[in-house]
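User: Hello! I am new to this structure and would like to learn how to read its features one at a time. Could you show me the general idea first and then the case here?

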Amino acid sequence: MITTETIKTTCPYCGVGCGVDTKVQQGNLIAVSGSKEHPTNQGRLCVKGSALAETVSHQGRLLSPKIANKNVDWNTAYSHVANKLSDIIEKHGPDAVAMYVSGQILTEDYYVANKLMKGFIGTANLDTNSRLCMSSAVAAHKRAFGSDTVPGCYEDIELADLVILTGSNLAWAHPIIYQRLAKAKAERPDMKIIVIDPRKTASCDIADLHLPLKPGSDGFLFNGLTHYLIASNKIDQTFIDLHCEGFEDLSENVQQQTLVQTALDCDVSEESLKTLYHWFASNERTVTLFSQGINQSSSGVDKGNAIINCHLISGKIGKPGATPFSITGQPNAMGGREVGGLANQLAAHMELNNPNSLNKVKRFWNAPNLVQKEGLKAVDMFDAVGNGQIKAIWIIATNPVVSMPDADKIKQALAHCDLVIVSDSSDSTDTLQFADVCLPATTWGEKDGTTTNSERRISRQRRFLTPPKKAQDDWKIICEVAKRMGFNEAFNFASSADIFREHAALSGFENTNTRGNNERDFDISGLAEISNLEYQNLEPIQWPINSTYPKGRKRFFDDGQFYTASNKAHFITITPRLPTYAADCDQLILNTGRIRDQWHTMTRTGKAHRLLEHIATPQIEIHPDTAAKLLIKNTSLVSLKDRGIEYIARANISDSQRKDSVFVPMHWSDEFASHARANSLVRPIQDTLSGQPEFKHSPVTIKPL
Ligand code: SF4
């Protein structure tokens, strides 16, 4: 008799983090459905998640370790990587090596990568593609709260009377949260939804108000809201007095940002702005949900803080239905943040610039070479590869030749690098072409570990498929290389459960301040001693998980306690500014982003044919008036150019665009056609605080072909 087994796991795509029930027969995945018991999706799956079963074949998989394009066995590959890295470190120092990882890998993979680089090799040159996604929100959280804390939970979005989506096309980028919001709106039609976005996106379908603001002007808009709240006395003075610092400076800072001025700065009508401000002021239960449109900016951190200021000043935080909410792009961007997987983080939400934290981590890891300073963030890291400062880079589960800004420069950098190691499950990414060493990794369905979604919920990704014979887990590959570099004891993990227990123990290590409270927000010490069976059966749970919150915590700051020295939140005064490069009169603004049915560089979603039915080819979305002026016809070929770099796709004429902008999906690569990598046109401009690139605003010239 053929038996069918149901194994619960988590979707590998976006930061929503939906639970997935997989049906497995004779080792084959035959169907997927949304887990009814998972609190995030309660049985739902979006179109990408429901096509997962079509993406798991071994076709197109990297099947053997390779050195210089020749198949080798694992032992040879491990020793080769270890010896090469050791040689480079001996000759040029630890900062001559780098690792560039991904929000796709599991927390356990991330943990050992961070431990190896920052504790044992002794460099913080470990960064991640999550840098491109949410690092501005991280910096904004830290400035305001003293910690990288997402205060609320998804339930708040349903409980709110007003939900503001800013820089977020929730309908396409986070579909299940959009569905939850749409259902709440259908049940309570008085609930208000506002979309603030230069584009009229699919999220506007359920909105009461859309503000198509001038691209990049969000900082003006939220400073204008702060001004309005103060001027109309719609602030929570008790909350400010008890729990916040810096109100006087903030109040002075926004004095000039009147409604009239803000309407001019943002190129929106005074009337719509006044509606937004009035609704914010009059709804206690307000959620402001922000994503890449805010973060991917040269002033992304300031924009995040301008949003948080509005919530703090009106006490709309830490309460049901009231919170600023950064929603992350990737399935495990949050897990990466928790282990310290960014070049400016240490581990377990401890800071690299804090001697006390350095001392703790050094002792906990018994680390011989604990790093003492920040490493290079993604854009600077690849610059350093290009100029020879970094001589070896290990790229894990990401495709920077397509996804990084100024993507042609990444090609040139990798072509000149002494040692490029690429761990991937796919055999044909654009980045693999530059690899000296290719390491075949396991992927979704074969990997086993945990991820954390945007509401701090840790969920299990479980193994239910047998990997190709030579594919290996990322954590295992990293540990085997570490052992051959002489760090045997510290990387002698037998399983992902072993790693998770150490990660959980580190999170609670000496985590008290002088007042006896937790010094750090991220603390899952309650899971530090779970058995293998408990780990296997771990139910989705929101951190922290410790003696105070053994079953997790829905909301932070409900007690008015923040993680700053004074326990008070900080108002951050900002000077709003437009993107670094304005478009000349003969240019348009290029905005790159996701479409509904594809994920990143399509190495997985590209395998499911039905996901191409929505949008099958790259396209340039352009306003009808702009198209008419430039003699561009719908579906005709169009060229975008900047700095001698060209992108070619078909026009999609749509009044969802502003007349000054075009939108281009970021997914396609040169595998599809030449000139198909949208991010090659993006200038490598970064936020100076977060290092997050300005993907949403690149001037380009446009012409029909
Ligand atoms: Fe997966 Fe995100 Fe869709 Fe949920 S919303 S099924 S996590 S892609």
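Predicted model: local features only at pLDDT ≥ 70, side-chain atom pairs only at ≥ 80, totals over all residues.

Analyst: Gladly! Let us begin with pairing: two strands pair if DSSP finds at least two bridges between them.

User: Which residue stands opposite Q25 in strand 3?

Analyst: The residue opposite Q25 is N28 of strand 3. Between strand 2 and strand 3 there is a loop, and Q26 lies in it. Q26 is worth a look, as its phi is positive, about 50 degrees, although Q26 is not a glycine.

User: What is the order of the strands in the open sheet, and how do they pair?

Analyst: The order is 1-2-3 in this open sheet of 3 strands, and the pairing is antiparallel. Strand 1 (4–10) and strand 3 (28–34) are at the edges with a single partner strand each, so one side of each has no neighbour in the sheet. From one strand to the next, the twist averages 30 degrees.

User: How many strands make up the closed barrel, and in which order do they run?

Analyst: The closed barrel has 6 strands, running 23-27-24-26-25-28, and its pairing is mixed. On average, neighbouring strands of this sheet are turned by 45 degrees against each other, direction ignored.

User: Now for helices. How do I describe two that pack together?

Analyst: Two packed helices are described by the angle between their axes and the distance between those axes. Take helix 8 (residues 218–231) and helix 11 (residues 259–266): they pack at an angle of about 170 degrees, and their axes are 9 Å apart. Angles over 145 degrees count as roughly antiparallel, and helix 8 and helix 11 are therefore roughly antiparallel to each other.

User: Which residues make the contact between helix 8 and helix 11?

Analyst: Helix 8 brings F220, L221, G224 and Y228, while helix 11 brings L259, T262, D265 and C266. Sorted by class, this contact of helix 8 with helix 11 has 5 nonpolar, 2 polar and 1 charged residues.

User: Let us step back to the whole chain. What domains does the assignment give?

Analyst: The domain assignment of the protein chain gives domain 1 (4–55), domain 2 (66–130 + 335–542), domain 3 (134–329) and domain 4 (588–704). The C-alpha centres of domain 2 and domain 3 are 34 Å apart. Where these two touch, 10 residues of domain 2 are in contact with 11 residues of domain 3. On the side of domain 2 that touches domain 3, the classes are 1 nonpolar, 4 polar and 5 charged residues.

User: How many residues surround the ligand, and which are the closest?

Analyst: The ligand is surrounded by 14 residues, and the closest are C11, C14, C18, C46 and G49. By class, this shell divides into 9 nonpolar, 4 polar and 1 charged. Domain 1 and domain 3 each contribute at least three residues to the shell. Looking at helices, helix 1 (47–50) and helix 7 (175–187) each supply at least two residues of the shell.

Key: Residues numbered from 1 in each chain as written. Helix = DSSP H or I, 4+ residues; strand = E, 2+ residues; numbered from the N terminus. Axes fitted to C-alpha atoms, helices over the stretch in contact; angles between N-to-C directions. Near = placed C-beta within 6 Å. Nonpolar A, V, L, I, M, F, W, Y, C, P; charged D, E, K, R; others polar. Domains from an automatic or database assignment. Contact = placed C-beta atoms within 7 Å. Parallel < 35°, antiparallel > 145°, perpendicular 65-115°, else oblique.
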